[in-house]
Amino acid sequence: ETSLGSSASDAITLSLRLSLEDNSFRSASGREDSVNSSGNNVNVPSIGSVTATFLYDAKIVSALKMISPPQRSYEPGTKSWNIDLLALPSLLYHLAPLGY
């Protein structure tokens with residue numbers, strides 16, 4: 001048996017969802033994230049999204065918050081984060097120093 005040194009408590013599950021029908025980022029609840037940090041309505045182009053689920057870890061949340069707000073959203077009902085697929089490289093970049 002080979003151990004990779006991870007357990008359920010330090011795992012992040014990423015689910016990929018591709019969308020060819022719609023060109024705007026939608027959260028898992030189906031709402032379009034169309035307000036930027038200035039409160040202005042924007043339409044964020046997208047080809048899909050990534051849903052991240054994990055046991056709460058403040059360092060992971062901080063890494064997720066490094067993604068631009070129009071490209072991420074938190075779903076309290078499912079305790080998951082939705083990230084625009086085009087922001088995946090940035091997400092992986094910010095998670096790498098944490099060992100992910």
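In what order do the four strands form an open sheet, and is the pairing parallel or antiparallel? In this predicted model, the order of the open sheet is β1-β2-β4-β3, and the pairing is antiparallel. The edge positions are taken by β1 (12–18) and β3 (72–75), each of which pairs on one side only, and the twist averages 20° from one strand to the next.

The pairing around β2 can be described bridge by bridge. Seven bridges join β1 to β2 in antiparallel fashion, and within this pairing Leu 14 has Ala 52 of β2 as its bridge partner. The antiparallel strands β2 and β4 are joined by five bridges, and here Ala 52 is partnered by Trp 81 of β4. The helix α2 packs on the sheet, where it touches β1, β2 and β4, and its direction makes about 170° with that of β1. Because six of the seven residues of β2 are buried, this strand is largely enclosed by the rest of the structure.

In soluble globular proteins, nonpolar side chains tend to be buried together. The largest nonpolar core of the model comprises 13 residues, and those with the most contacts inside it are Phe 54, Leu 64, Trp 81 and Ile 83. Two or more residues of this core are given by each of β2 (48–54), α1 (58–64), β4 (80–84) and α2 (88–95), with the largest share, four residues, coming from α1.

How values were computed
Residues numbered from 1 in each chain as written. Predicted model: local features only at pLDDT ≥ 70, side-chain atom pairs only at ≥ 80, totals over all residues. Heavy atoms only, no water. Core = buried A, V, L, I, M, F, W, Y, C linked by side-chain atoms within 4.5 Å. Buried < 20%, exposed > 50% of the residue type's maximum accessible area, 1.4 Å probe, protein only. Pairing = 2+ DSSP bridges. Axes fitted to C-alpha atoms, helices over the stretch in contact; angles between N-to-C directions. Contact = heavy atoms within 4.5 Å.
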